[in-house]
Amino acid sequence: MTGPAMVYVVDDDHSVRAALEDLLASVSLPVRAFASAAEFLAHPPADAPACLVLDVRMPGQSGMEFQRQMQSLGLLLPVVFITGHGDIAMGVKAIKQGAIDFLAKPFRDQDLLDAIHHGIAQDRARRLQDADRAESLGRWQSLSDGEREVVRLVVQGLLNKQIAHQLQLSEVTVKVRRGNAMRKLQLSSLADLVRFTEKLGL
């Protein structure tokens, strides 16, 4: 999740791929280059923070079309577009669709590297956030149905006595379930519990 990053380059021009591979190697960034989007899809991305450098105009599927396809495929890689044929309108559209940057060829090496590093940092943060949410969801799923019922009412602001009345339980049972839930969720306060449930959208 926080280990070595990877950069993917998709560009139909062999000389551009070779130049980008040399540039990224010079700053110790691992890179894998592909001549088309189809070739990229045939080699699933590694389980590591990454960024995709994508040419806009390529034979067959364009970079812009592939960016839309990535969204439908659930590929969440940050994209940096490079193009020799772009315009302002195209760049605005790409950014609105989530691209990190839109660089016209010839571009400064440092501008590309800055965009790639930004993309990798964004992807690393997303992956950590996803991992944290998955871990929290696992804790939530460890609760019994009864404990979840109590938690849902606790975060609504109900007192133990009110929860007991609503669920037709004894107040002691409510306290036990509440205590068990807090222990399983590894939380120590009501504020922590509220934040936890908000994070999971419960």
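Modeller: In this predicted model, contact means heavy atoms within 4.5 Å.

Biologist: What covers the buried residues of helix 8?

Modeller: Helix 8 comprises residues 171-185. Its buried residues are V174, A181, M182 and L185. The cover over these residues includes helix 5, helix 6 (145-154), helix 7 (160-167) and helix 9 (190-200).

Biologist: Why are the buried residues said to be on the same side of helix 8?

Modeller: The residues concerned are V174, A181, M182 and L185. The other side of helix 8 holds the exposed V172 and R183.

Biologist: How far apart are the end C-alpha atoms of helix 8?

Modeller: Helix 8 has 15 residues, and at 1.5 Å a residue they should span 21 Å. The model agrees with this expectation, since its end C-alpha atoms are apart by 21 Å.

Biologist: Which strands stand at the edges of the sheet?

Modeller: The open sheet has five strands with parallel pairing, in the order 2-1-3-4-5. A strand with a single partner has one side left without a neighbour in the sheet, so the edges are strand 2 (31-34) and strand 5 (101-104).

Biologist: Which residue is the bridge partner of V9 in strand 3?

Modeller: Strand 1 and strand 3 run parallel and are joined by five bridges. In strand 3, V9 is partnered by V53.

Biologist: What angle does the direction of helix 5 make with that of strand 3?

Modeller: Helix 3 packs on the sheet, touching strand 3 and strand 4, and its direction makes about 145° with that of strand 3. Helix 5 (residues 109-141) also packs on the sheet, where it touches strand 1, strand 3, strand 4 and strand 5. The angle between the directions of helix 5 and strand 3 is about 135°.

Biologist: How many residues does the largest nonpolar core have?

Modeller: Those with the most contacts inside this core are Y8, F40, L52, L54 and F81. Two or more residues each come from strand 1 (6-10), helix 2 (37-41), strand 3 (50-55), helix 3 (63-73) and strand 4 (79-83). Apart from it lies another core, of 19 residues, among them L23, I82, I116 and I120. The residues of the largest nonpolar core number 20.

Notes:
Residues numbered from 1 in each chain as written. Predicted model: local features only at pLDDT ≥ 70, side-chain atom pairs only at ≥ 80, totals over all residues. Heavy atoms only, no water. Core = buried A, V, L, I, M, F, W, Y, C linked by side-chain atoms within 4.5 Å. Buried < 20%, exposed > 50% of the residue type's maximum accessible area, 1.4 Å probe, protein only. Helix = DSSP H or I, 4+ residues; strand = E, 2+ residues; numbered from the N terminus. Pairing = 2+ DSSP bridges. Axes fitted to C-alpha atoms, helices over the stretch in contact; angles between N-to-C directions. Expected span 1.5 Å × (residues − 1).
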